Amino acid sequence: MKYCRNCLIPDTRPNGKFNSQGICIPCQFSMQSKSVEYEERLSELKSIVRKFTYRNRKKRWQCIVGVSGGKDSTRQALWVREKLGINPLLVSVVYPPRHINQIGTENISNLINLGFDTYVIGPAPRLSRELLKESFFRFGNLMKATEMALTSGVPRVAIQKKINLILWGENMALQVGDQGALGESIWDANNLINSNTISGGDLSWYRSVVDNDSLLPMYKYPSLKEMKDNKVQTIFLGPAWPDWSAYSNSRLSISYGFNIRGGDPYKTGDIHGTSMVDEDWFIVNMLLKFYKFGFSRGTEEANDAIRAGKISREEGVEIAEKYDEGCDDIYINSLCKYIDITVDEFWENIKKFANPNLFDLSNQRPKKLFKVGYGLDQ
């Protein structure tokens, strides 16, 4: 494993890339942003948005913001209304009833109580469960189908309702490191279709679960041609925010009524208790990510703090070592019950996808062979 020389992103990250100095894309962007005049950035963003909303200024909605009700999307919705001065339609693709938790429903309700028109749609519950199970065994990724629905539902609604502007939060390429989503400018989000989540969106495997194509559009992201034909533009907001981070977004959203999960971060991997709080199996999926790529939520939280200058790289190593593998058995057991498998079947499947160069697979639960930030033990 090779790590970014500034943060703790390893070269195992899908669609990741280091420059000749060994620095990852998000760290390069963060370093460049330290000299940015954010008022100028905001003015630039307003000018871009105005081009797409001017004709719609008298309509009920001028844009769409995709939301989960989480900390990031709560802040995005408020920011669009208060900073850009436009009224968004919030679109939330929710989890099925047995998947979403009480906190998730409360946070969607909170957005409505904050005065936002919110369009809520959800996949068929039985099909969603079957796709979740299939993607777990086929890809070692519980959320492959779910992420496709969450991402694809927003442009589908934009096309249906003839709203030609979609606003997303952080720039997936520059602020996360998924260079597949890299656009022509820091604002351009039209290449989301090439991001790691969506580029693997071939629906052929779905047909092993369902052979009725009429049930699949919710999982299919519109093609670039379809988006262009319907004049739908997608823009990132994140580059205009000087303090975009899990901590800042959590703090602000909580002040507006956002409900947190809380709990022991050793059991969830969630340091602030505010990430993906609308369901619990994302905690399990982050564990799967750890076994496949050697990093997870602890590393990502540490990287945010390193880039913000709040902690040193060495302090980040301690955070990642503590929380990357955080996943209590209660979440694994509830998942197994939901998709009707045994815990032994769960772990056997994990070993098919875990990286054998990074983990000892001789025990039920894989044991890591590396130290975060340094690579494999010698």
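Ring pairs join Phe136, Phe137, Phe290, Tyr291, Phe346, Trp347, Phe359 and Phe370 into a cluster. The model is predicted, and the count of aromatic pairs in it comes to 15. Beyond the rings, this briefing covers two charges placed over aromatic faces and the parallel strands around β2.

**Aromatic pairs around Phe290**

- A pair of aromatic rings is described by how far apart the centres lie and by the angle of the planes.
- The ring centres of Phe290 and Tyr291 are 5.8 Å apart and their planes stand at 50°, so this pair is tilted.
- Both Phe290 and Tyr291 are buried.
- Phe290 also pairs with Phe359, with 5.2 Å from centre to centre and 80° between the planes, which is an edge-to-face arrangement.
- This second pair links distant parts of the chain, as Phe290 belongs to helix α12 (residues 281-293) and Phe359 to strand β6 (residues 359-360), 69 residues apart.
- Phe359 is buried, as is Phe290.

**Charges over ring faces**

- Arg81 lies over the face of Phe116, at 3.9 Å from the ring centre.
- Arg129 is placed over the face of Tyr338, and here the distance to the ring centre is 5.8 Å.

**Strand β2 and its burial**

- Strand β2 spans residues 88-93 and is mostly covered, with 6 of its 6 residues buried.
- In a regular strand, the side chains alternate between the two faces of the sheet.
- On one side of β2, Pro88, Leu90 and Ser92 are buried.

**Parallel partners of β2**

- Strand β1 (residues 63-66) pairs with β2 in the parallel sense over 4 bridges.
- Within this pairing, Cys63 has Pro88 of β2 as its bridge partner.
- Between β1 and β2 the chain passes through helix α3 (residues 71-83), and this β-α-β crossover is right-handed.
- Strand β3 (residues 117-121) runs parallel to β2 and is joined to it by 5 bridges.
- Val93 has Ile121 as its bridge partner in β3.
- From β2 the chain crosses through helix α4 (residues 102-113) to β3, and this β-α-β crossover is right-handed.

Note on methods: Residues are numbered from 1 along each chain as its sequence is written. This is a predicted model: local features need pLDDT of at least 70, side-chain atom pairs count only at pLDDT 80 or more; totals for chains, interfaces and linings use all residues. Side-chain values use heavy atoms; hydrogens and water are left out. Rings of Phe, Tyr and Trp (its six-membered ring) pair if their centres lie within 6.5 Å; planes under 30 degrees apart count as stacked, over 60 as edge-to-face and the rest as tilted. Buried means under 20% relative accessible area, exposed over 50%, partly exposed in between (1.4 Å probe, protein chains only). A charge sits over a ring if NZ of Lys or CZ of Arg is within 6 Å of the ring centre and within 35 degrees of the ring normal. Two strands pair if DSSP finds at least two bridges between them. A crossover is right-handed if, with the strands pointing away from the viewer, the path from the first strand over the helix to the second runs clockwise.
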